[in-house]
Amino acid sequence: QVHLVQSGAEVKKPGASVKLSCRASGYTFTSNQMNWVRQAPGQGLEWMGVINPSGGSTSYAPKFQGRVTMTRDTSTSTVYMELSSLRSEDTAVYYCARAFLGNCMSSSCPSDYWGQGTRVTVSS
Amino acid sequence: QSVLTQPPSVSGAPGQRVTISCSGSSSNIGAGYDVQWYQQFPGTAPKLLIHANKYRPLGVPDRFSASKFGTSGTLVISGLQPEDEADYYCQSYDSSLSGSVVFGGGTKLTVL
């Protein structure tokens, strides 16, 4: 049974960085790309980027280029997403979501399993 | 401003049929990239409803169907039920600006 378990809520000050984790289980970690998607309060879904756990290659949404870094640890089946230079507009729930078909770096890819979400609050 | 355009809200009575549109352009849906659909209830993670334009994952009722034509995708919910009240998002890929997965702005479905 596939499970994605995310780290707990974070409160950060503007200008700080936050690093979130997403631990996968129930499948071969390196077989599926992992997306990060966020949702600001009362807003829609926003794709941030994707990491291929097999090799560690990444692709980031243009909006987050230079501010986001996605990494993985194959020994613990965990992916990480670090967002720097936080501002109030980064207050959101952040989800990791497993891609189960396609290559998210070059085409549309559905996500079949999602983590429970991590709430990040950026406030002075 | 989302790359994919959805109506902010739709509504229907139980048993009725509703459609939710997802309008794109020649750099995303019109370029041949697949459309996925997600359902999201308040306070929960999205759930995959439709992938590759028209395919339902196991467990999704056949009341949910979808299609793609030209630069648009459409989600159809037949025999509307109260538990269908949720937010619905389309998703595709856009090849402009170095390429990126993109979501629609979301549609709030109200069951009257």
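The following legends describe close-up views of a predicted model.

Local features are given at pLDDT of at least 70 and side-chain atom pairs only at pLDDT 80 or more, whereas totals for chains, interfaces and linings use all residues. Residues are numbered from 1 along each chain as its sequence is written, chains are lettered from A and ligands numbered from 1 in the order in which they are written, and side-chain values use heavy atoms, with hydrogens and water left out.

View 1. B:Ser92 is buried, with a relative accessible area of 0% (buried: under 20%; exposed: over 50%; 1.4 Å probe, protein chains only). A polar atom of its side chain lies 2.9 Å from the backbone oxygen of B:Asp34. Not counting residues up to four places away in sequence, B:Ser92 touches A:Ser108 of the other chain letter and, among residues of chain B, Leu4, Asn28, Ile29 and Tyr33 (contact: heavy atoms within 4.5 Å).

**View 2. The largest pocket.** Its volume is about 1200 Å³, taken as the space filled by probe spheres set on grid points joined across faces, edges and corners. A pocket is an open set of points on a 1 Å grid over the protein atoms alone, where a 1.4 Å probe fits, with protein on both sides within 12 Å along at least five of seven lines; lining residues have an atom within 4 Å of a point. Of the 47 lining residues, A:Gly44, A:Leu45, A:Glu46, B:Ser2 and B:Gly104 lie nearest the centre. Elements giving two or more residues to this lining include strand S5 (45-51) of chain A and strand S9 (107-111) of chain B. The largest share, 4 residues, comes from S8(B). The lining divides into 21 nonpolar, 18 polar and 8 charged residues (nonpolar: Ala, Val, Leu, Ile, Met, Phe, Trp, Tyr, Cys and Pro; charged: Asp, Glu, Lys and Arg; polar: the others, Gly among them).

**View 3. The second largest pocket.** About 160 Å³ of space lies here. The lining consists of A:Asp112, A:Tyr113, B:Lys47, B:Leu48, B:Pro57, B:Leu58 and B:Val60. By class, 5 are nonpolar, none polar and 2 charged.

**View 4. B:Pro42 in the loop between strands S3 and S4 of chain B.** B:Pro42 is exposed, with a relative accessible area of 67%. Its C-alpha atom is separated by 8.1 Å from that of B:Asp87, 45 residues apart along the chain.

Definitions and conventions
Polar contact = N/O pair within 3.5 Å; in protein donor to acceptor, adjacent residues only side chain to side chain.
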